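Trainee: I would like to learn how to read a model like this one, feature by feature. Where do we begin?

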Amino acid sequence: MNRSVFTWLPALGLLLACALILGGCGESRTPFVGTYKSDHPVSDKGHIELVLRDNGEADWTWVDQGKSSKFKWRVQDGRVWFYTKEGIIIIATPSNGGKHLSVDVSGEWNEGCPVERCINFTRLQ
């Protein structure tokens, strides 16, 4: 067997492993890390504070009620995807370089975000 195959095989394996590792991580979270607050009160529960950490963890807190939910999050296809423990996926559409997030909470996929079905957030820090 040709010895050059044995020379290139480990390099090819390493390259493939790097591609799989980097490809599975999604897009950079950096532009979206921070604390956001809903632009308007949501139903009768008041404002929501959303904290996105660079480690992929997030907190969704009803400010007036002091109730929080924990999420995992990632960036994929230019959108912010939230994953709950129950398996629910919530998708936020960023704008203005990540300063604003529009979250469609209708339970249906809508192109854009209809005002009556959206929670709009603005980053505080």
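Mentor: Begin with one residue and list what surrounds it. Leaving aside neighbours within four places in sequence, Thr-122 is in contact with Thr-35, Tyr-36, Lys-37, Asp-39, Lys-99 and His-100. Keep in mind that this is a predicted model.

Trainee: Which strand holds Thr-122?

Mentor: Thr-122 lies in strand β8, residues 118-123.

Trainee: Is Thr-122 buried or exposed?

Mentor: Look at the relative accessible area. Buried means under 20%. Thr-122 has 19%, so it counts as buried.

Trainee: What joins the side chains of Thr-122 and Asp-39?

Mentor: A polar contact of 2.6 Å. Asp-39 is also among the contacts of Thr-122 listed above.

Trainee: Let us step back to the fold. How many helices and strands does the protein chain have?

Mentor: Count the elements, then read their order. The protein chain has one helix and eight strands. Along the sequence the pattern is α-β-β-β-β-β-β-β-β.

Trainee: How do I read the pairing of strands?

Mentor: Here is the general idea. Strands of a sheet pair through backbone hydrogen bonds, either parallel or antiparallel. Now the case in hand. Eight strands form a closed barrel in the order β1-β2-β3-β4-β5-β6-β7-β8, and the pairing is antiparallel. From one strand to the next, the twist averages 30°.

Trainee: Take one pair. How many bridges join β4 to β5?

Mentor: Five bridges join them, and the two strands run antiparallel. Strand β4 covers residues 67-76, and strand β5 covers residues 79-83. Arg-74 has Trp-81 in β5 as its bridge partner. Lys-72 has Tyr-83 in β5.

Trainee: Which residue in the hairpin of β4 and β5 takes a positive phi?

Mentor: Asp-77, with phi near 55°. This hairpin has two residues between the strands.

Trainee: How many bridges link β5 and β6?

Mentor: Four, again in the antiparallel sense, with β6 spanning residues 89-95. Phe-82 has Ile-90 in β6 as its bridge partner. Then read the turn. The hairpin of β5 and β6 has five residues between the strands. Gly-87 in that turn has a positive phi of about 95°.

Trainee: What is the distance between the closest N and O atoms of Lys-72 and Glu-57?

Mentor: The distance is 3.6 Å, and the pair forms a salt bridge. Lys-72 lies in β4 and Glu-57 in β3 (residues 57-62), so the pair ties together parts 15 residues apart in sequence. Lys-72 is partly exposed at 48% relative accessible area. Glu-57 is partly exposed too, at 34%. Recall that Lys-72 also has a bridge partner, Tyr-83 in β5.

Trainee: Which salt bridge does Arg-53 form?

Mentor: Arg-53 forms one with Asp-59, and their closest N and O atoms are 2.4 Å apart. Compare the exposure of the two partners. Arg-53 is partly exposed, with 31% relative accessible area. Asp-59 is buried, with 10%.

Trainee: Where do Asp-59 and Lys-70 lie?

Mentor: Their side chains meet in a salt bridge of 2.8 Å, N to O. Asp-59 lies in β3 and Lys-70 in β4, so this pair ties together parts 11 residues apart in sequence. Lys-70 counts as exposed, at 55% relative accessibility. Through shared partners, salt bridges join Arg-53, Asp-59 and Lys-70 into one network.

Trainee: Finish with the whole chain. What share of its residues is buried?

Mentor: Buried residues make up 30% of the 125 residues. For the surface, the protein chain exposes about 8,400 Å², and carbon and sulfur atoms supply 57% of it. For contact range, take contacts between residues at least 6 apart in sequence: 33% of them join residues at least 24 apart.

How values were computed: Residues numbered from 1 in each chain as written. Predicted model: local features only at pLDDT ≥ 70, side-chain atom pairs only at ≥ 80, totals over all residues. Heavy atoms only, no water. Pairing = 2+ DSSP bridges. Axes fitted to C-alpha atoms, helices over the stretch in contact; angles between N-to-C directions. Buried < 20%, exposed > 50% of the residue type's maximum accessible area, 1.4 Å probe, protein only. Polar contact = N/O pair within 3.5 Å; in protein donor to acceptor, adjacent residues only side chain to side chain. Contact = heavy atoms within 4.5 Å. Areas by Shrake-Rupley, 256 points an atom, 1.4 Å probe, with all protein chains shown as cover. Salt bridge = Lys/Arg side-chain N within 4 Å of Asp/Glu carboxyl O.
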